[in-house]
Amino acid sequence: MPSRKIVATELANVLRQISHPDRIRILFKLQAGEQTVNELAMALEIPPTRVSQHLGVLRAIALVETENRGQQRVYRLPQPELALWLIDGIDFIAHRLGRASENDIANAKQLWKSEAPPAPTSVN
């Protein structure tokens with residue numbers, strides 16, 4: 001089944017590219033909306049040059065988009081549900097987080113979910 005192989009290869013590539021803790025934190029932070037490198041660096045306590053490098057990796061696989069606004073480059077998630085998917089993934093790996101208590105895991109999930117924009121409502 002070539003189509004399954006293609007999809008599995010592409011999924012593996014995406015997972016490989018987001019497999020750095022800073023990249024995951026950047027994705028979680030961008031779920032709240034557009035941000036600049038300096039805003040992300042300050043919020044995550046990561047040097048701006050490192051944030052830029054991580055954003056370059058995420059941009060290369062189309063997980064983040066950019067827009068130039070004057071002197072600033074603003075980053076956003078084209079699919080904000082990606083961050084929610086990662087938060088849901090915490091339940092899958094919770095048993096492997098030996099250093100984190102159940103309370104730590106629940107608190108982290110709640111904090112990340114609270115930064116997410118409200119889900120869009122459908123208009124009929």
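Biologist: How many helices and strands does the protein chain have?

Modeller: Six helices and three strands. Both are DSSP runs, numbered from the N terminus: helices are H or I with at least four residues, strands are E with at least two. From the N terminus on, the order in this chain is α-α-β-α-α-β-β-α-α. This is a predicted model, with residues numbered from 1 along each chain as its sequence is written; local features need pLDDT of at least 70, side-chain atom pairs count only at pLDDT 80 or more, and totals for chains, interfaces and linings use all residues. Side-chain values use heavy atoms, with hydrogens and water left out.

Biologist: What share of the 124 residues is buried?

Modeller: Buried means under 20% relative accessible area, exposed over 50%, partly exposed in between (1.4 Å probe, protein chains only). Here, buried residues make up 28% of the protein chain. The C-alpha atoms fill a box of roughly 45 × 45 × 45 Å along the principal axes.

Biologist: Which residues have the most contacts inside the largest nonpolar core?

Modeller: A nonpolar core is a set of buried Ala, Val, Leu, Ile, Met, Phe, Trp, Tyr and Cys residues joined through side-chain atoms within 4.5 Å. In this model the largest one has 23 residues, and Ile26, Leu27, Leu30, Val51, Leu55 and Val64 have the most contacts inside it. Two or more residues come from each of α2 (21-30), α3 (37-44), α4 (48-60) and α5.

Biologist: Take Val64. Which residues is Val64 in contact with, leaving aside neighbours within four places in sequence?

Modeller: Contact means heavy atoms within 4.5 Å. The partners of Val64 include Leu27, Leu30, Leu55 and Leu58. Tyr75, Arg76, Leu77 and Pro78 are also among them. Across the chain, residues 24 or more positions apart account for 54% of the contacts with a separation of 6 or more.

Biologist: How many salt bridges does a search of the whole structure find?

Modeller: Side chains of opposite charge can pair when their charged atoms come close. The cut-off: a side-chain nitrogen of Lys or Arg within 4 Å of a carboxyl oxygen of Asp or Glu. The search finds seven. One of them joins Arg76 and Glu34, at 3.1 Å from N to O. Arg76 lies in strand β3 (residues 72-76) and Glu34 in the loop between α2 and β1 (35-36), so this pair ties together parts 42 residues apart in sequence.

Biologist: Is Arg76 buried or partly exposed?

Modeller: Partly exposed, because its relative accessible area is 21%. Glu34 also counts as partly exposed, at 36%. Arg76 forms a salt bridge with Glu65 too, the closest N and O atoms being 3.4 Å apart. Glu65 sits in strand β2 (residues 65-69) and Arg76 in strand β3, so that pair ties together parts 11 residues apart in sequence. Glu67 pairs with Arg76 as well, at 3.3 Å between the closest N and O atoms. Shared partners join Glu34, Glu65, Glu67, Arg69 and Arg76 into one network.

Biologist: Which residues form a nonpolar patch on the surface?

Modeller: Leu11, Leu15 and Trp85. Together they have about 300 Å² of accessible area. Trp85 lies in helix α5 (residues 81-93). At 47% relative accessibility, Trp85 counts as partly exposed. Patch residues need over 30% relative accessible area and no salt bridge; like charges are joined within 9 Å, nonpolar side chains (Val, Leu, Ile, Met, Phe, Trp, Tyr) within 5 Å. Areas come from the Shrake-Rupley method with a 1.4 Å probe; for residues, only the protein chains shown count as cover.
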